[in-house]
Amino acid sequence: MGGVADYPPHRKILLLLFASLGSFATTSFIFLPSLSPLWPLCALMAIIANVGFGASMVALNAYLPGLARTSPEVVALRSNDMADNHAETYQKSIARSTAHISAQGIAIGYAGGIFVLLMCLIPVMVLGGTTWSLRVAISISGLWWALGTVPSALWLKSGNEDELGFRRQGIGREIVMAWKRLGDMLRPSEVKRLKNTFWFLSAWFLLSDGFTSITSTAVLFASTTLHMPASSLILVSILSPLAGISGSLLFPRIQKRMGWTNERTLVWLVGGAALVPVYGCLGFLLEGSGTSFGGLTTPGEMYGLAILFGGIYGPFQGYARSVFSEVIPRGEEARWFGLYSITDKSSSFLGPLIVGLISDATGNMRYAFFFLIGMMLLPIPILLWCLDVASGREDAERYAEETERSGGRGALKDEEQRLVSDDNNEDVEAEAETERR
């Protein structure tokens, strides 16, 4: 849907449509009793909810570059002709605004997540964890999702069809061209034109899986090795996003004080996250030493690591999105954020799968920490020595300008023009037939 959402009037419509579908599917769990023949519909509702969430996030993320370009700081520089006369200062301002908006979005999202988690715990605890209580909790999250969509419906602006040279096309053709562009953007010629964009995606493929694997492995390790009860795991699940809120709001200030770029800040965050599995590996050194603390051998350490990891994971999500938004073509944000989402989801099973295989083979989940260290460290050379954000920004702008000059929206410009030409030929033939009659 990314290519369709790049058409300005469609973006907000698609955002609200998929958010509404997802929230409705989530809320509908309350109407599906476990003893009812309709119970299997829960699987369908879960699929619809996940598709709705993923598609709505693609449309939402696509707003980020445009919001950054219209922030007060950037608008002030543009009004003073800084965009042309001091291009480097102007680009740094856009990068700071992008990181700031992205970080605020992550912090607000974490705050909302903690609130609805606490709300969902109420029926589960009062009703004793029955199927009915779980259905009520899931429905509460669906209602909260619907309520959270209201600000987007009220405040996000809808684009106009003249924006960026877009021309009116039927929704059917938009869908067809979106699929064609999706296949075309992975051609070697496109990879060469936007090599820094794909360098980042290759790092993102590993990083997204690494962070997800650390999260899932930590929960399993706490449950099976440290024998922490469900109440303790709930506390961990609250402490981590709370720290994520603080980290998301704190790191932009640290970045400004240290003078780091967005990508440099991202590297520091990845390095910090790698310390979590490194600390877990220290447990091998302390085995048999008689030490009762250290190396993730006690539940208390899990609480501390949850705070550390949450304080890193929150800003990491914001800065990853910010860096990517700097190296994608203007006017094609939804299409590229669609690929960003696909890259994230396509790797999400690899880490947990390998962690499971290591645990089964060794009988000790702690050995999986070595794999997690590698997952976190491997992308760092890509971010440091392969990714050039300044060059990637220039390539993306050149790509957008070439697309605008050609009159197209994506890489399949010739194909789109052929379709338009075919329609014109059909119109001419129809007029000629009418004249003959």
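**Reading backbone angles and salt bridges**

Q: His-227 lies in the loop between α11 (195–224) and α12 (230–258). How are helices defined and numbered here?

A: Helices are DSSP runs of H or I with at least four residues, strands are runs of E with at least two, and both are numbered from the N terminus. This is a predicted model, in which local features need pLDDT of at least 70 and side-chain atom pairs count only at pLDDT 80 or more, while totals for chains, interfaces and linings use all residues. Residues are numbered from 1 along each chain as its sequence is written, and side-chain values use heavy atoms, with hydrogens and water left out.

Q: What is the value of phi in His-227?

A: Most residues other than glycine have a negative phi. In His-227 phi is near 55 degrees, a positive value in a residue that is not glycine.

Q: Is His-227 buried or exposed?

A: Buried means under 20% relative accessible area, exposed means over 50%, and partly exposed lies in between, using a 1.4 Å probe and protein chains only. His-227 counts as exposed because its relative accessibility is 62%.

Q: Where is Leu-296 found, and what is its phi?

A: Leu-296 sits in the loop between α13 (262–286) and α14 (299–326). Its phi is near 60 degrees, again positive in a residue other than glycine. Leu-296 has a relative accessible area of 4%, so it is buried.

Q: How many salt bridges does the count come to?

A: A salt bridge is a side-chain nitrogen of Lys or Arg within 4 Å of a carboxyl oxygen of Asp or Glu. By this rule the model has twelve salt bridges.

Q: Which residues are linked with Arg-11 in a network of salt bridges?

A: The network joins Asp-6, Arg-11, Arg-69 and Glu-333. Within it, Asp-6 and Arg-11 form a salt bridge at 3.5 Å, N to O, and both are buried. Arg-11 also pairs with Glu-333, where the closest N and O atoms are 3.6 Å apart. That pair links distant parts of the chain: Glu-333 is in helix α15 (residues 333–347) and Arg-11 in helix α2 (residues 8–27), 322 residues apart. Both Glu-333 and Arg-11 are buried.

Q: How far apart are the closest N and O atoms of Arg-335 and Glu-332?

A: In this salt bridge the closest N and O atoms are 2.2 Å apart. Arg-335 is buried because its relative accessible area is 4%. Glu-332 has 2% relative accessibility, so it counts as buried.
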